[in-house]
Amino acid sequence: MNGHRSGVKNNASTFIYEHFNLPGHCFCEATIQIIDYVDKDLSTDVKNDLCSLEDYWIDRLGTAYPLGLNDKKKGFGSISQGITVNYFNGFIKRYKRGRGSKRASCKNRSKEEIADNLVLFKDSITKFDHSLFKTLRSYSLTDLDSLFNLASVNSGILYNICESFCRTFSPKFKVNEAEKIKEREHLVLSFNSKFMDNLKFQSILSDKSVVKLLPPPLQEKSPLRVYYRYSKPLSLSVCNYSKFLKNLTIPDVRAILNSQCNCNLSSYNYEPLGHIVTGDLSIANDPDLRNILSFGSKFRIPCHQSVSDIKASIDDDLTSFIKSKSKKYHLKNAAFDSWYSRVSDIVNNRLRFYEDNHPHVFEQTEDNVLERECVKEELKRLQKFYIICTIDKASNNFAFICKKFYVITLLKELGFDTVTLECTGNKTYSPLPNDPDFYVEQIASTLRDKYSITIDDQNMCLPRLFWNPKLHKNPYKARFIAGARSCATKQLNILVNCSLKLLREYFKKYCQTIYNNSGVNVFWSIDSSAQFLESLQGSEVFNLQIYDFTTLYTNLDLKEVDDMIGEVIDLIFSERNKYINICKYDTNKCFFAKKIYDGYHSFDRDQLKEAVHFIIYHTYIVFAGKVFIQVLGIPMGGNSSSPIADLTLAKREFNFM
């Protein structure tokens, strides 16, 4: 306070000191109210923390000049020097635009009238006459467009305030927080050796001498991020359910059912089911195999590479990056030559340093456990008698299930007679007469003709149904999943997934507006459990009960799902939100627009409805070479299943409220 007192006494040239030197004003009459403090015992930098708190409260209370007397703002500087701050974006919005039919019916002002108003209000700013803000509140969105165009080409506090007002209350000029984050490109490297950490590739790509050699379009999105492509996890070497189901035929099923299992004689037998279903690793007789399985299904066995192999791997990744970005930005590969040479030189220098001074880092100190003969034999034995998969809700753990019981469980789920193997289906799955290739060709033809999507060879197949044990249930139960990692509808599913996530964001905002105006919450979906836990903070909870769906996805009525998603689409799409555009190169770039953009997949209202309809009514699965269509519910494991279920329930809750 001594500093403020001295500033007033010496007539310093800031707004607050000039104010207290006006006639009839005296700093001795000022009253002090403490609104926050910094604990010097807990703070490592008291002065900086005080400045941060001051900045926070200036925003929250809206006291930047001329709304208040605060001149200096952290991160901006002195407002008296003409810098632009956001006056109206605090938690307590001091000024809001009017709403209602009377305001909407007002005539739009001409550009000349708006310019004349600003001239009249120049004096009111220094006199703290808030008639300017009353006028701004009455402006329509069209008026704000004209005001913004005028304010953006002029300087001064008055124009800064007008620009800030437009950016806060006009959707057209509002700054999206996500857009403030600089978009950066990325380079994907194969992490085939732990030595890759020593190369510190991020520092190479952040080096100014490297960045300046990139083509101009990529310099704007640098430094490049580094993403690693890891080697396969332990589960891909140990789990055998996928390979088993891929090769399974009806004769194989009959042979398994006719075979005898010795589960009732085993100490691992689960009595309620009468078969072995266990996560006990001691079922493996080899200690080395037990030890490696104890690291979990996501564990990756460490490996070592020679210098030449590391160089070759990095060179392949750099070449792949250049080809990809050349295609994306319409550049020639030669545009990256200088950058490629510079990066290669730095990598080679670092490799040479370690090769000369620390050669041991390239030496393989121990062999791959899974390559040992005793381990291979024991794993082969386990895979012969059991299905090895992961455990539901504990996916880093392995489960061992009797093969006969695994097959019987799938047969019952799909509506097979376990004695005659006759399949009549059930209320959820209906058998189809043709082989899988027939339906794959149908899907490929539809996607090609309607959505210009060409299915690659890897996805020219239908998903297979498998199940993971729910060991947290008593007795154990099964979670059935349609494995859609590779399937004919995958690419369309991904596009629909992105579209529905965007729809959910807009639907959530729509419901938030209803809540703000009526106090009625009509949107109950949450993004994660963390959001729920945050809502409990500061609340006194005496009784908390949590419920879960016994069955959700496979109990949803398809017509109701189609109707609910259609209602959300009709609600959100408009002349302003005419198309959903999804980038072909990065599906994270998904937005509404009035037009279609090159390089983007686009859906209008009817096309999105049709795509959702196609997905929910064309859910095929394969078991032992036989094709089924799901006639009730949506599949677990589908790329768009989660947002479909979420939006369906959200719209049902909305309609109920």
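Okay, let's start with Ser525: its side chain makes a polar contact with the side chain of Asp646, at 2.8 Å. By polar contact I mean a pair of N or O atoms within 3.5 Å, where, within protein, one must be able to donate a hydrogen and the other to accept it, and residues adjacent in sequence count only if both atoms are side-chain atoms. Bear in mind this is a predicted model, where local features need pLDDT of at least 70 and side-chain atom pairs count only at pLDDT 80 or more, while totals for chains, interfaces and linings use all residues. Numbering runs from 1 along each chain as its sequence is written, and side-chain values use heavy atoms, without hydrogens or water.

Back to Ser525. Its side chain also makes a polar contact with the side chain of Arg504, at 2.9 Å. Is Ser525 buried or exposed? Buried, with a relative accessible area of 11%; the cut-offs are under 20% for buried, over 50% for exposed and partly exposed in between, using a 1.4 Å probe and protein chains only.

Now the cores, meaning sets of buried Ala, Val, Leu, Ile, Met, Phe, Trp, Tyr and Cys residues joined through side-chain atoms within 4.5 Å. The largest has 54 residues, and Val253, Leu289 and Phe623 have the most contacts inside it. A second, separate core has 53 residues, including Ile443 and Val522.

Last, the hairpin: β10 connects to β11 through six residues. Strands here are DSSP E runs of at least two residues, numbered from the N terminus. Phe466 sits opposite Ile481 in β11, and the two strands run antiparallel, joined by seven bridges; DSSP has to find at least two bridges for strands to pair.

Technical notes. Helices (H or I, at least four residues) and strands (E, at least two) are DSSP runs, numbered from the N terminus.
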